[in-house]
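Dear colleague,

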Amino acid sequence: MKHSILILILTLAAQTALFAESVANKAYNKRIELLTYLRELEPMIKNFRGEDPEGKPTPIKAPEGKEGFRLKKYDELKRIYQEGLQYYFEGNYVSAYQRFLECQLGVEKVTEELSQLYVLRAEEMMKMAMERKNSNNELDKALLDISIEYGKGSYFRHDVMDVPREAPFSRRMYDPKEVHYVYNKYAIEKNMELGFRHLGLAKEARVTALKVEKNLEKHQKLQPSHRKYRIENYFGAINLCRDSKANAINIFKLKYPYDNYYLNNSAAKSEGKKDETGKLVDGEPVKIDGSTYDFSKNPYVEYDHRLQAMFDIRVPEDYRVDHADVRGRIYDIDSENIVYFKYDPERKKQLNVPNKPTPTTGSGATTP
């Protein structure tokens with residue numbers, strides 16, 4: 001009898017040990033998984049912080065109670081995750097796992113809402129890239145006009161550009177600033193195709209995530225594995241939207257190669273243009289995040305593909321935060337460090353860089 005009781009006790013003890021080990025492993029895996037999610041979410045949340053309780057745009061370092069609603073949710077997720085870590089390192093794996101599951105649920109809700117925002121902004125950027133940026137500039141062309149006017153067999157190509165002429169006896173019958181449309185036509189059209197393809201895939205990924213619950217049996221409930229699948233699909237949708245935004249940004253770059261002229265002159269002025277009478281009108285000073293100075297001496301200005309998002313005014317002001325986000329950068333932090341030299345006061349003094357103005361609703365860093 002005693003022998004049987006001893007065997008029963010040992011069996012129960014072994015089962016308890018196995019159960020504890022199982023929960024510990026689950027807590028460990030969930031800890032690593034959530035840390036990856038929170039790290040990936042950080043630049044997205046800080047770029048698109050959301051409005052404060054009064055519906056106003058928020059700075060990145062808003063006081064408590066005035067922060068954007070997405071940033072507030074993100075901070076709450078970090079708090080829950082930290083509680084789970086405390087339990088985990090105490091060896092209380094059951095409580096730790098419960099906290100991690102609570103954090104996972106919050107991440108799922110945040111990524112669902114954030115993925116919808118990314119889809120809307122990517123679609124808006126693609127549509128904007130297809131249209132004219134400046135209706136007052138006759139050389140600004142919509143994408144469809146570029147396809148019609150500058151393709152093979154078009155008037156511009158057949159009767160104007162491709163006709164041999166003897167300079168200077170024969171006058172050029174076109175504006176040289178139109179020629180880039182001919183050379184960039186294929187790349188512009190290809191970026192449009194890829195941009196909408198990425199957008200379509202992003203929408204599919206989001207719908208796939210939303211359908212997970214509908215595909216369960218009536219007696220089934222969402223398990224952590226289901227939530228993980230949904231979160232990964234939401235992140236997939238977000239990354240596809242980033243690809244779509246990158247295509248829209250490429251279209252802006254290809255359509256408006258002359259907009260960054262201000263980087264090449266000490267006055268930081270846009271390129272001068274001729275008015276209706278043929279008189280040259282001087283360009284206007286360009287402001288970057290509310291500041292104007294001699295950007296050509298800024299060591300962070302690069303003229304190739306590494307050009308920082310805030311300096312690239314080929315992209316409309318409202319979408320420069322998206323330009324930074326595509327690269328995984330945080331626009332406001334980059335602005336403080338790269339435009340205002342937050343950590344380099346000596347260079348700031350040399351270049352006569354002004355202090356950063358108080359953010360307003362019209363600034364480029366304002367987030368939805």
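**Helix H2 and its surroundings**

In H2, the buried residues are Arg70, Leu71, Tyr74, Leu77, Ile80, Tyr81, Gly84, Leu85 and Tyr88. Please bear in mind that this is a predicted model. The helix covers residues 69-90, which makes 22 residues, and from its first C-alpha to its last it reaches 32 Å, close to the 32 Å expected at 1.5 Å a residue. Gly91, which follows H2, has a positive phi, near 90°.

**The nonpolar cores**

The largest nonpolar core holds 58 residues, of which Leu41, Val107, Ile288 and Phe311 touch the most other members. Two or more residues each come from helix H1 (2-47), H2, helix H3 (93-130), helix H6 (179-210), helix H7 (224-255), H8 and helix H9 (331-339), and H3 gives the most, with eleven residues. Once its neighbours within four places in sequence are left aside, Val107 is in contact with Leu34, Tyr37, Leu38, Leu41, Leu77 and Ile231. There is also a second, separate core of 20 residues, and Met126, Ile146, Ile249 and Tyr319 are among them.

**Asp322**

Asp322 lies in helix H8 (residues 320-326), and it is buried, because its relative accessible area is 0% and buried means under 20%. Its side chain makes a polar contact with the side chain of Arg121, at 2.5 Å. With its neighbours within four places in sequence left aside, Asp322 is in contact with Phe48, Arg121, Met125 and Lys245.

With best wishes

How values were computed
Residues are numbered from 1 along each chain as its sequence is written. This is a predicted model: local features need pLDDT of at least 70, side-chain atom pairs count only at pLDDT 80 or more; totals for chains, interfaces and linings use all residues. Side-chain values use heavy atoms; hydrogens and water are left out. Helices (H or I, at least four residues) and strands (E, at least two) are DSSP runs, numbered from the N terminus. The expected span of a helix is 1.5 Å times one less than its number of residues. Buried means under 20% relative accessible area, exposed over 50%, partly exposed in between (1.4 Å probe, protein chains only). A polar contact is a pair of N or O atoms within 3.5 Å; within protein, one must be able to donate a hydrogen and the other to accept it, and residues adjacent in sequence count only if both atoms are side-chain atoms. Contact means heavy atoms within 4.5 Å. A nonpolar core is a set of buried Ala, Val, Leu, Ile, Met, Phe, Trp, Tyr and Cys residues joined through side-chain atoms within 4.5 Å.
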